[in-house]
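This briefing is meant for a reader who is new to the structure. Please look over the sequence and the model before reading the points below.

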Amino acid sequence: MDTVSSISTSSEGDSIKIFLRVRPPDPSISENDFAPRVLDVNTADNAIILRTKPEPKIFTYDNVADADITQEAVFSIVGKKIIESCVTGYNGTIFAYGQTGSGKTFTMLGPSENSESFQHELRGVIPRSFEYLFSLIAHQQELHGSKKQFLCRCSFLEIYQEQIFDLLDTASQGLHLRENMNKGVFVDGLIEQVICNPSDAYQVLIMGWLNRRVAATSMNRESSRSHAVFTVMIESKEDVGGVQNIRTSQLNLVDLAGSERQKDTNTGGTRLKEAGSINKSLSVLGNVIMSLVDLSHGKKRHIPYRDSKLTFLLRDSLGGNTKTRMIACVHPDSRCFGETLSTLNFARSAKLIKNKAVVNEDIHGNNQKLQNEIRRLKELLESMQNSPGPEIRPNVVTPSENSSSYMDADSIWKKNFLEAMFFREQSENEKKTLQDVVNHLQELCNKKDKYIQSTKMIIKFRENTIQSLQQASKGYIEIEKDTLVKTLKDEIKVLRQQLENNPLLAKYAGENKHLRSELKQLRARESLSNIHNDVSRSAQLERVFKELKLYKELSTGSPCGGIRASPLKDGLSAATLEKHRREIKGYQEQVENLRQQLQDLTKTSENRQMEMEVELVSCRRMIVELERVLEAHQLKARIECNALKDLHCQTLKAS
């Protein structure tokens, strides 16, 4: 049985799980400055006993640990289930909360003096998450082979004084949060690096961690002055019965800046301003949690997510579509009593929040519907082909019966035979119609697959080009002009193929073909020759009518009219003449109707053809515009490449 799936199905509820960790005493503090311990840990009951008067306060959490717990044990309790859920398609968040100097960064990253190797025994939750994540991915690929593929991307940002900075891009200035229906809340312009193994993730983490803002205070030698968020986007694609099942998840590893008091840290100037910004964002975080607690109790409350960049970015982690684990770090010394009590109350409130995590799964909506429709029509066609026709059972007549019985039996047999032939012809027509529908849907499905494949290739080309330009701008590599031009030409080629395989064009072509066939049938059924025949017949009847009328006038106007025989009496009667008049009028109306139908049908066909031509012109203009964009992109890349080369030469000359 699959390890990950078995664990995820038996996972606990989606409420936020709290792990409380007590940091060891600081060895740098002298015996004279030693402060007594104000809390006790009861690991058996997962309780923290805070020594207060007149009675101690007891706080219970999901897990508690004293100062002697190992880093590996912390990750096993907090991180493993979250990583396993992320591999199966759930979003996950692990964040550390507590006052400055309580051990948050040590828990999440490890000892700062060994941050370059990430192989130290004391490495924290983030490096161990990388190792466990890629071990689970390797296990899944061993089980499913090439049917299941994974893609991992990561980003690293910090929130410093309510401004978002990309730690992977030192030139980034104040990125903005955006929100849409598909991606949710995201940071516009944030760099995402593709990682294939733990070493790649270590390199990204090292690069970003060196850019993070830290400073020394009296409480902490390397105090974090910003909130750091390391995000791993995991995408898995599995082929099951010809259908692609895509699951996406997001793992947020958050190291919050610690709350601090000015009298404890002795900060001033810039450090004091940073502390004020940190405390403000943590205060908003506390307000969000209290509002969510009230909401869970049935009260109507507004959730102030937007009051802080941190809470807006982690909105899904607090009451949303995410499995969340919080590591609450506290200091056991009596001098930190106030901040310790605040942290314990905060963690107890966060424990009451319930998230609503679901698997982020996509089965290619429209494509899947087409495939299901094709499968249903094929099954219907096979059932009609395999179903027997109506059973013909002629009545058996014995010789002793009279001749009328034989005649009845013969007529019944003929009737049944005619019904069977009619049913057979009808079923053949229905099968042919269904087969045409199946072929058309199959063609649309194939074009949709080609369109999606070409779109993915375009995205891959652009990602490679962007990555190469980024590396070139940082001086890691030099871009060759021929390679860049070749890549862009390949992208144009794929764009043309995408245009040819556009499902909308195929749909319009099918409609045009259908309209042409209808027009052809109408012209065949009611051709112009029939119209001309009706016109000639109408003219002939009109000529007869005029002759009869002339005969009548001559007969009535003649002086010997009483002696001559009337043509009406010798030839046609008044009733016959009226009948011819009605026939003439009916044929004239029929001719006018046919002419009007022909004009309407011709006008409809011309309008449809004009629409198709306009669509074709629009597509051609799109191709021309894309070629212009490509030329502009090539020119821009050429200018940037020359500028980078000049800058490189100037740097070499200066050195």
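Predicted model: local features only at pLDDT ≥ 70, side-chain atom pairs only at ≥ 80, totals over all residues.

Residues are numbered from 1 along each chain as its sequence is written, and side-chain values use heavy atoms, with hydrogens and water left out.

**The chain as a whole**

- The protein chain has 16 helices and 17 strands; these are DSSP runs numbered from the N terminus, with helices being H or I of at least four residues and strands being E of at least two.
- Of the 655 residues in the protein chain, 38% are buried, where buried means under 20% relative accessible area with a 1.4 Å probe, protein chains only.
- Among contacts in the protein chain with a separation of 6 or more, 72% are between residues 24 or more positions apart; contact means heavy atoms within 4.5 Å.

**The sheet β2-β3-β4**

- Three strands form an open sheet in the order β2-β3-β4, with antiparallel pairing; two strands pair if DSSP finds at least two bridges between them.
- β2 (39-42) and β4 are the edge strands, each with a single partner strand, so one side of each has no neighbour in the sheet.
- On average, and with direction ignored, neighbouring strands of this sheet are turned by 20° against each other.
- Strand β3 (residues 47-50) runs antiparallel to strand β4 (residues 57-60), and four bridges join them.
- The link from β3 to β4 is a hairpin of six residues.
- Within this pair, I48 stands opposite F59 in β4, and I49 has I58 in β4 as its bridge partner.
- In a regular strand the side chains alternate between the two faces of the sheet.

**The pair β9 and β10**

- Five bridges connect strand β9 (residues 176-180) with strand β10 (residues 184-188) in the antiparallel sense.
- A hairpin of three residues joins β9 to β10.
- L177 has V187 in β10 as its bridge partner.

**Helices α4 and α5**

- Helix α4 (residues 125-144) packs against helix α5 (residues 198-209) at an angle of about 155°, with the axes 9 Å apart; axes are lines fitted to C-alpha atoms, for helices over the stretch in contact, and angles run from 0 to 180 degrees between N-to-C directions.
- α4 is therefore roughly antiparallel to α5, a label for angles over 145 degrees, while under 35 is roughly parallel, 65 to 115 roughly perpendicular and the rest oblique.
- The two helices, α4 and α5, cross in a right-handed way, meaning that the near helix is turned clockwise from the far one by less than a right angle.
- I126, P127, F130, E131 and F134 of α4 meet P198, A201, Y202 and L205 of α5 in this contact.
- The residues of the contact of α4 with α5 comprise eight nonpolar, no polar and one charged; Ala, Val, Leu, Ile, Met, Phe, Trp, Tyr, Cys and Pro count as nonpolar, Asp, Glu, Lys and Arg as charged, and the others, Gly among them, as polar.

**Helices α2 and α4**

- Helix α2 (residues 71-87) and α4 pack at about 45°, with their axes 9 Å apart.
- This angle makes α2 oblique to α4.
- The crossing of α2 and α4 is right-handed.

Key
Buried < 20%, exposed > 50% of the residue type's maximum accessible area, 1.4 Å probe, protein only.
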